[in-house]
Every structure is written in structure tokens, then in C-alpha cells.
Amino acid sequence: MKIIKMHNEKSLIKKAIDNNREAQQQLFEQHSPKMLGVCRQYVKDLHHAEDLLLQGFLKVFKNLHRFKHEGSFEGWIRRIMVNTSISYLRKKNLVDLSDEGYVFNDAATESLENTSVEDIQKLIDKLPEGYKMVFNLFAIEGYKHSEIAAKLGVSESTSKSQLFKARKLLQQNYIKMNKTIHENK
């Protein structure tokens, strides 16, 4: 089954490179729900996330000829969506990536095992944009601090600082959320 999907995807990609609108539409329909989720991780407003999704897919189709079929196509698209989201946030000056007052402390965070995906996303949405961007790149996308630093044009210590602050704020907001839930019972 996977072989058929990969063959079909290669065929769709080839057709889309040749500006076949049906093939482009199929690729968009296959990948847009998941990629909207990727954009949404970086931008809390759904309308802005949808705009970023469309901008990202324009880049995908414009650069489709550069996809080398090394690694997954979905991963390639995901990287474009992440970069598009980061570019948007940086252009809008919504990101503060300073490491002032940073003291490294590897404190354990509370478990989120019994928390819904929607509640976790709400907690992440409450983070300042810089924290959220680094948190997403590290915890969700799997980038290393050196890669995040290079991608964002900051030092590794700034990346670590932003992640630490994000985790700390997530933990505080998680505790507040649980406290509110227990008080309302």
C-alpha cells in the first residue's frame, strides 16, 4: 500500500512540476490539513495561519522542482511551512529573542499525559512568540539548539534561554489551568 502511495505521490509531484492544476490541487488537499496544524503551532490566529499555509504552498509549488525525493515529501513541505511561519513572525517584529535574566536550571516539568491536545495548544498559544517559536522548533520539530540558533540568527545560549523560559511559563500556566479546573468541580 505504501509503495502505491509513494508511486502516486511521485507521479503527482511530476505533474505538479509541469503546472498540472489537478495534481497541485491533490497535493494541496493531501497535505494542507496537517500543514495548517504546523502553521497554527507558530501563529495562534487561525486566519493568519491559513494565510501562511497558502503562502507556504505557493513556495512549495514554485520550488517543487528542487525536491530531490530524498526523505519524505511531507517533511520537505513541513520545513517550508515552518520557515514561512518564522519569516512572518520576524517581519511583524512579534519575536523577542533576548536572553536577559537567563539562568539555566533543568527543572522538571509536570506531566501533561492527561491533558488534551487542545488544552496543550492553548497553553502553547499563551507563550510569547519568541518562546513559542523556539519551543516548537525544539520540542515539536526536533531541531537542536545549534540548528535553532542558526535558523533564527541568535546564539545557542539564547535558544536554550528561550526554551527554558517557555517550559517554565508552560508549567506555570499548566498549574493555573489545573487549579481552575479543580476549583470548578
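So, the protein chain has eight helices and zero strands. Those names come from DSSP runs: a helix is H or I over at least four residues, a strand is E over at least two, and numbering starts at the N terminus. Read from the N terminus on, the order is simply α-α-α-α-α-α-α-α.

Quick housekeeping. This is a predicted model, where local features need pLDDT of at least 70, side-chain atom pairs count only at pLDDT 80 or more, and totals for chains, interfaces and linings use all residues. Residues are numbered from 1 along each chain as its sequence is written, and side-chain values use heavy atoms, with hydrogens and water left out.

How much of the chain is buried? Of the 185 residues, 37% are buried. Buried means under 20% relative accessible area, exposed means over 50%, and partly exposed is in between, with a 1.4 Å probe and protein chains only. Now contacts, meaning heavy atoms within 4.5 Å: take those between residues at least 6 apart in sequence, and 70% of them join residues at least 24 apart.

Next, have a look at helix H2, residues 21–42. H2 bends by about 50° at Ser32, and a proline, Pro33, follows within four residues. That bend is the angle between two axes, one fitted to the seven residues ending there and one to the seven starting there. The buried residues of H2 include Leu27, His31, Ser32 and Met35.

Last topic: aromatic rings. Rings of Phe, Tyr and Trp (its six-membered ring) pair if their centres lie within 6.5 Å; planes under 30 degrees apart are stacked, over 60 edge-to-face, and the rest tilted. By this rule there are five aromatic pairs. Why is the pair of Phe67 and Phe73 edge-to-face? Because their planes sit at 65°, with the ring centres 5.1 Å apart. Phe73 also pairs with Trp76, and that pair is stacked, at 5.9 Å centre to centre and 20° between the planes. Phe73 and Trp76 are three residues apart in helix H4 (residues 73–91), so about one helical turn separates them. Both Phe73 and Trp76 are buried; for Phe73 the relative accessible area is 2%. Phe67 counts as buried too, at 8%. And elsewhere on the ring list, Phe28, Phe57 and Phe61 are linked by ring pairs into a cluster.
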